[in-house]
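Q: I have a model open and want to go through its contacts. Can you take me through it?

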Amino acid sequence: MTHGHLAGRQQQANPEPQGVRHPHIDFGDPQLAQQIDTGVAQVEALLEEHVRGQEPFITEKTSHLLAAGGKRFRPMFAMLASQYGPNPGCDKVLQAACVVEMTHLATLYHDDVMDEADKRRGVISANARWDNSIAILAGDYLLARASHVMAGLGTETVAHFAETFGQLVTGQMRETVGPGEGDKIEHYMHVIHEKTGVLIGSAGYLGALHAGADQATTAALQKLGFAIGTIFQIVDDIIDIFSDTSQSGKIPGTDLREGIFTLPVLYALREDTPVGEQLRQILTGPVTDEQQVATVLELLHQSTGREQALQVVEHNMQIAQEQLAKLPAIPATQALRSVMEYTVARVG
Ligand code: GRG
């Protein structure tokens, strides 16, 4: 749930940027793969152009995280969604994909301020390199540039994006205020829907809309993106607890150390077993002592937390399958199925 940052622990003197890391997904059709690659490369060129400011001191900040890397998952999803209309990969599709990725980029700047993150995409975060004000303003500038591109895409896109912005901010604020007396698992699901599901849903919606796809198909691709985003986040949160460092390169328990209890932990805490009881006693806040982190991880391995979180993944896969079933039998549908399988396969 901390979305990849390693606050305060792993900052290196000379951190290495990740570089752009397109996920290796077999689309099952070389011609389609070529079209998507070309489209994503065109979006990359647009991103490089649009993150630039009118002053060099702006460009230095707004290009920092774009240059550092990232998967470009959302542009790829938009390009695939555009296959369902008569104009796949047209200029407007490319611009829509660019708007989605620039918005994603802006949220990363703001998220790192809120999380006091030191690193993002393998490099020093903007808040750590400059300061919070600069990082917030860089995110704001990216939103301004995204709005500029959006203006050329018409009022339907602007209206759609107004909704998306609102949901992103609501999710972030919902996470910040916490569940209060409410159900913690419902709260978690609500937050990940708003913070992660909604924007991937937008990529599906806008890619299809600007390619000229019909309304039912556009709606199915938005729901598919939402479900895939939800799976993506739960899987990330499972990996954070249960990953084997030698395989994933990640140190397990980052969220725990920050007092963020994600889905597998929330399920484990509900268990009416001695393991659940011990976890309830220990997990009253952030786990700071490394010995305690090891104990909690061991208890989580003994719990049903992972299994129960995977059942929620399974449920969202069914939702995704329902949307895939609404789509015509074209190569993009098989590719989207592979995208869904990729998001799940990361959990091992
Ligand atoms: C600026 C519109 C706006 C909103 C501010 C801060 C905030 C409200 C929302 C935060 C939303 C957020 C950071 C969600 C996390 C989404 C997520 C899964 C990030 C990681 O995505 P990847 O794995 O990252 O696709 P890369 O680096 O590969 O692009």
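**Salt bridges and the domain interface**

A: Start with D183 and R270: their side chains meet in a salt bridge, 2.8 Å from N to O. Keep in mind that this is a predicted model.

Q: How many salt bridges are there between domain 1 and domain 2?
A: The count between domain 1 and domain 2 is one.

Q: And how many residue pairs are in polar contact across that interface?
A: Four residue pairs, both residues at pLDDT 80 or more.

Q: Which element gives the most to the side of domain 1 that touches domain 2?
A: That is α9, with 15 residues. By class, this side of domain 1 has 17 nonpolar, eight polar and four charged residues.

Q: Where do the domains run, by the assignment?
A: Domain 1 covers 27-212 and domain 2 covers 214-347. Their centres, taken over C-alpha atoms, are separated by 21 Å.

Q: How much area do domain 1 and domain 2 bury between them?
A: About 2,700 Å², with 76% of it on carbon and sulfur atoms. Y84, I185 and Y188 supply 27% of the area that domain 1 buries against domain 2, more than any other three residues.

Q: Switching to helix α13. Is it enclosed or open, and why?
A: Largely enclosed by the rest of the structure, because seven of its eight residues (263-270) are buried. The buried ones are L263, P264, V265, L266, Y267, A268 and L269.

Q: What covers them?
A: The cover includes α9, α10, α12, α14, α15 and α16.

Q: Back to salt bridges. How many does a search of the whole structure find?
A: It finds 14. One of them pairs E101 with R121, with the closest N and O atoms 3.6 Å apart. E101 is in helix α5 and R121 is in the loop between β3 and β4, so the pair ties together parts 20 residues apart in sequence.

Q: Are E101 and R121 buried or exposed?
A: Both E101 and R121 are buried.

Q: What about D111 and K195?
A: Their side chains meet in a salt bridge too, 3.6 Å from N to O. D111 is in helix α5 and K195 in helix α9, 84 residues apart. Both D111 and K195 are buried.

Q: And R346 with D236?
A: That salt bridge is 3.0 Å, N to O. R346 lies in the segment after α17 and D236 in helix α10, so the pair ties together parts that are 110 residues apart in sequence. R346 counts as partly exposed at 24% relative accessibility, whereas D236 counts as buried at 18%.

Conventions:
Residues are numbered from 1 along each chain as its sequence is written. This is a predicted model: local features need pLDDT of at least 70, side-chain atom pairs count only at pLDDT 80 or more; totals for chains, interfaces and linings use all residues. Side-chain values use heavy atoms; hydrogens and water are left out. Buried means under 20% relative accessible area, exposed over 50%, partly exposed in between (1.4 Å probe, protein chains only). Helices (H or I, at least four residues) and strands (E, at least two) are DSSP runs, numbered from the N terminus. Contact means heavy atoms within 4.5 Å. Domain bounds come from an automatic or database domain assignment. Buried area is the accessible area (1.4 Å probe) that two parts lose on being put together, summed over both. A salt bridge is a side-chain nitrogen of Lys or Arg within 4 Å of a carboxyl oxygen of Asp or Glu. A polar contact is a pair of N or O atoms within 3.5 Å; within protein, one must be able to donate a hydrogen and the other to accept it, and residues adjacent in sequence count only if both atoms are side-chain atoms. Ala, Val, Leu, Ile, Met, Phe, Trp, Tyr, Cys and Pro count as nonpolar, Asp, Glu, Lys and Arg as charged, and the others, Gly among them, as polar.
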